[in-house]
Amino acid sequence: MLATLPYILSFLVIATTYWIYRWRNPPCRGKLPPGSMGLPLIGESIQFSIPSRSADMPRFVKTRMEKYGPIFKTSLAGRSVIISTDPEFNNFLFQQEEKCVEFWMMDAYSKLINHTGSSKDGGTSSLGGEYHRYYRRLFLDHLGSEAVREKLFADVVQTSIKTVNSWSTKDYVQLRSEISKMFFEFSAKYLFSYDPEKCKVKLWEKFSEVMQALVSFPVRIPGTPFYRAFKIHREIIDFLMNTIKERREVPEEMRKGDCIDQVLEHMKTDPRITDEFIAIVFFGFLLGGTESAASAFTFGMVMLQQNPVVLEQLQNESEEIIRKRENGQSELTWNEYRSMGYTMQVINEILRTAGPVAAILRRTIKEVNFKGYTIPEDWVILITANGTHLSPEHYEDPLVFNPSRWKDSLTNKNFMPFGGGIRKCPGAELTKAIFAVLLHLLVTKYSSDSMNLKTNHIPTAWISQVECQGGEIVRTSLLLGFGEGYRMTVSARS
Ligand code: HEM
């Protein structure tokens, strides 16, 4: 036995050394992008999860961009990952959907919705392939870039007026949560005519609790936030399925013409569209339309407060619109909205600097070759538009909030807050319309020096996991947070 010990030890040393070597140099048929795979098993997950207390891009990304360039490799949560801040590569990837790459989700989210993982699976919980094409068409039919027209816009105006008016009666407004709620209720109304005042189920409260779980550790052990969220998620799915069932029983002539009614029509001819699939899709839509918009708008308000000259110019534009009215109309119209040049520049600048969707995730389903690099199959690619939007290479003085940089054009190939390709955000135009209406109402109803944002001591549910003092803006790796939250006090203009 003793005689074989040196052989066993030598074998172990060689095997471990080989394993570490393989970990650091993953197999690849070409040249992988530069970067470090970190420690065996945990990779660089710890460094990645350290929040940055600044409005700049996450430190993790910034330091590695400086060291390795805009495309680099790492390992996170047991996965081999490529992080891309290169706009050319990002745009290339957006065009490769379902060819070389496919949609991929954070572990917590995919476990929460019981996602089957791949577009090849074809199960009803799959959100790729033909299922994706179906629900995307459904959303775009109602609210795509051309769809935010007078009718939808009038709804946006009414909902925003209701929200902004309610603020004047409050001691303070918890900005982020108010905006989340507004986006949530607007989306729910459009999907299934949800009326929070009539419905017994307090959907928004349930939904906020599920949101918290997305930044918690995804283990389904009783007592953990994730476990509770899992149960509430099921309740929401059951509620949505029940809503579909109830609507099916309503005579066709009494239907409401919302998304559910359209789905019921499609179900008549396509048995693959099940109630559960639609409930999961609606849930994803509500999620997509709530968190990012609320983060971005809150960030925008912080920026406006810090830039009074911009706020004043915004106010001038809105006042000018009101001055030009001849027919005594009091609400913003679609045509007026289309004329709000400076407001749109401000919104672009908010989206650039806030970058609420810090990570768009894809999985390679085939080897990807780009700019001399090879990315093997089954790697995760994390596309971070922040790395582009906040890089001095693409934007002069990137941390300066300067809406005028958009005065010549509101688009460019380095600007991708809503992603791109066949998964580009279908809520983009709606988001811009809601932001414009909210800004218009705020600057015309309240005096600009009264729109004070202060940090409060009520932890914002969304980011309660992020420890932070004094309400600084915090970028965690995937979410934009606000320390202890922002509360806004407003007073009507004299
Ligand atoms: C500031 C606000 C918003 C930002 C920055 C944003 C950003 C994004 C991004 C980057 C994607 C692409 C994700 C990917 O490629 O994997 C996306 C997808 C999506 N967004 Fe948004 N979004 C916003 C608001 C909204 C709103 C208001 C809605 C709904 C009313 C919405 C609904 C969706 C949906 C349903 C998808 C999935 C599209 C698909 O898979 O084809 N988003 N969003």
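Author: Let's take a sheet, then some helices, then a single residue. This is a predicted model, where local features need pLDDT of at least 70 and side-chain atom pairs count only at pLDDT 80 or more, while totals for chains, interfaces and linings use all residues. Residues are numbered from 1 along each chain as its sequence is written.

Reader: Okay, sheets. In what order do the strands of the open sheet come?

Author: Strands of a sheet pair through backbone hydrogen bonds, either parallel or antiparallel. Here, strands (E, at least two residues) and helices (H or I, at least four) are DSSP runs, numbered from the N terminus. Two strands pair if DSSP finds at least two bridges between them. The open sheet has five strands in the order β1-β2-β8-β5-β3, and the pairing is mixed. At its edges are β1 (71–76) and β3 (101–103), each pairing on one side only. Neighbouring strands are turned by 35° against each other on average, direction ignored.

Reader: How many bridges join β1 to β2?

Author: Six, and the two strands run antiparallel, with β2 covering residues 79–84. You can find Lys 73 opposite Ile 82, and Ser 75 has Ser 80 as its bridge partner. The pair forms a hairpin with two residues between the strands, and Ala 77 in the turn has a positive phi of about 45°.

Reader: How many of the residues of β1 are buried?

Author: First, the cut-offs: a residue is buried if 20 or more other C-beta atoms lie within 10 Å of its own, exposed if 12 or fewer, and partly exposed in between, with C-beta atoms placed from the backbone. For β1, six of the six residues are buried, so the strand is largely enclosed by the rest of the structure. Both faces are covered, with Ile 71, Lys 73 and Ser 75 on one side and Phe 72, Thr 74 and Leu 76 on the other.

Reader: On to helices. Which residues of α6 are buried, and which are exposed?

Author: An α-helix has 3.6 residues a turn, so residues three or four places apart point the same way. In α6, the buried ones are Tyr 131, Tyr 135, Leu 138, Phe 139 and Leu 143. Seen down the axis of α6, they fall within an arc of 105° (taken from the directions from the helix axis to the C-beta atoms), so they line one face of the helix. On the other side, Glu 130, Arg 133 and Asp 141 are exposed.

Reader: What do the buried residues of α6 pack against?

Author: Contact means that two C-beta atoms, placed from the backbone, lie within 7 Å. The partners are α7 (150–167), α8 (175–192), α11 (259–269), α12 (275–288) and α18 (428–445).

Reader: And at what angle do α13 and α16 cross?

Author: Axes are lines fitted to C-alpha atoms, for helices over the stretch in contact, and angles run from 0 to 180 degrees between N-to-C directions. The axes of α13 (residues 291–306) and α16 (residues 341–354) come within 9 Å and cross at roughly 105°. That makes α13 roughly perpendicular to α16, a label for angles of 65 to 115 degrees (under 35 is roughly parallel, over 145 roughly antiparallel, the rest oblique). Among the residues that meet there are Phe 299 and Met 303 from α13, and Ile 350 and Leu 351 from α16.

Reader: Last one: is Ile 278 buried or exposed?

Author: Ile 278 sits in helix α12 and is buried, with 26 other C-beta atoms within 10 Å. Not counting residues up to four places away in sequence, Ile 278 touches Ile 244, Val 263 and Ile 273.
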